[in-house]
Amino acid sequence: MSRTLIQAKNLRKKYQMSKTNIVQALDGVDIEVQEGDFSAIVGPSGCGKSTLLHILGLLDKLDEGEYNLDGLDTTKIREKDANQIRAKKIGFIFQGFNLIPSLTALENIMQAGKYGGLNARQRKERAEELLDVMGLQERKKHKPNELSGGQQQRVAIARALVNKPAIILADEPTGELDSATSKDIIDLLKKLNQENNQTFLMVTHNMEVAEMCKKIIRLKDGRNA
Ligand SMILES: Nc1ncnc2c1ncn2[C@@H]1O[C@H](COP(=O)(O)OP(=O)(O)OP(=O)(O)O)[C@@H](O)[C@H]1O
Ligand SMILES: [Mg+2]
């Protein structure tokens, strides 16, 4: 039986804008992710996709519901332990790449290794290994603004992988890329999935991207659709 990485039930999250204006961003979502999954979350703008990803990534807290991450009841995690658990279990990829502008590609990847508890030598080794995988050896001394969008996203993917996370969460990872580059990036993620059994859960509103995934999870108005 494969390992269950995410098991969440009846996730609810509201944003209180004012006394009378409450947005129920998640209204009872269920989601399950098994090791080796390559899944897309799709749904209309505002349906709660990013909110769901933030909660699953322990970047935000749920109001109600159950969320088990790799055997850990996350509702019982203390605030001060959340950062470390997140660093070890979860990698993030964002639409806008979110690289540190003053650091080179190599340094951006190495930096993330600090949070996972790797020492300097291990960080360098791991980053070099990932630069090979990403085909970025010749660009490792470049800063983000000296890289193309596809190259920046590959650096961001390497950064997400540096601590060998159980799961990678991606919010519109191809949202700022042209369609050929988008396909290259999804092909790369798929290769990591097939060759290393790396688990991915990505939000996309690009149906071509969603159709390249093994599973599609649909949301509407903060619920499973
Ligand atoms: N920090 C916040 N404060 C208040 N309301 C928020 C906040 N974040 C999200 N919302 C609201 O919660 C709902 C869900 O937002 P969310 O960002 O999860 O949608 P989404 O599905 O990711 O949309 P998109 O496809 O446009 O990125 C929306 O109505 C949004 O306006
Ligand atoms: Mg979003």
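Helices (H or I, at least four residues) and strands (E, at least two) are DSSP runs, numbered from the N terminus. A residue counts as buried if 20 or more other C-beta atoms lie within 10 Å of its own, as exposed if 12 or fewer do, and as partly exposed in between, with C-beta atoms placed from the backbone. The structure is a predicted model, in which local features need pLDDT of at least 70 and side-chain atom pairs count only at pLDDT 80 or more, whereas totals for chains, interfaces and linings use all residues. Residues are numbered from 1 along each chain as its sequence is written, while chains are lettered from A and ligands numbered from 1 in the order in which they are written.

Helix α5 itself comprises residues 149–161. The buried residues are Gln152, Gln153, Arg154, Val155, Ala156, Ile157, Ala158, Arg159, Ala160 and Leu161.

The largest nonpolar core holds 58 residues, of which Ile109, Ala158 and Leu169 touch the most other members. Such a core is a set of buried Ala, Val, Leu, Ile, Met, Phe, Trp, Tyr and Cys residues joined through C-beta atoms within 7 Å. To this core α5 gives the most, with six residues. Setting aside residues up to four places away in sequence, Ala158 touches Ile109, Leu130, Leu131 and Met134, where contact requires C-beta atoms, placed from the backbone, within 7 Å.

The protein chain as a whole has seven helices and ten strands. For 225 residues, a compact globule would have a radius of gyration near 17 Å, and the chain agrees with this at 17 Å; the radius is taken over C-alpha atoms, and the globule rule is 2.2 Å times the number of residues to the power 0.38. Buried residues account for 38% of the 225. Of the contacts between residues at least 6 apart in sequence, 74% join residues at least 24 apart.

Lys140, in the loop between α4 and α5, is partly exposed, with 18 other C-beta atoms within 10 Å. Beyond its neighbours within four places in sequence, Lys140 is in contact with Thr104, Ala105, Leu106 and Leu131. Ser2, in the segment before β1 (4–16), is exposed, with 10 other C-beta atoms within 10 Å. Ser2 and Glu35 are 33 residues apart in sequence, yet their C-alpha atoms are 6.2 Å apart.

The ligand site remains. Around ligand 1 stand Tyr15, Met17, Val23, Ala25, Ser45, Gly46, Cys47, Gly48, Lys49, Ser50, Thr51 and His205, each with its C-beta atom, placed from the backbone, within 6 Å of the ligand. The elements giving two or more residues to this shell are β2 (22–34) and α1 (49–56), and α1 gives the most, with three. The shell divides into five nonpolar, six polar and one charged residue, with Ala, Val, Leu, Ile, Met, Phe, Trp, Tyr, Cys and Pro counted as nonpolar, Asp, Glu, Lys and Arg as charged, and the others, Gly among them, as polar.

Terms used
Expected span 1.5 Å × (residues − 1). Contact = placed C-beta atoms within 7 Å.
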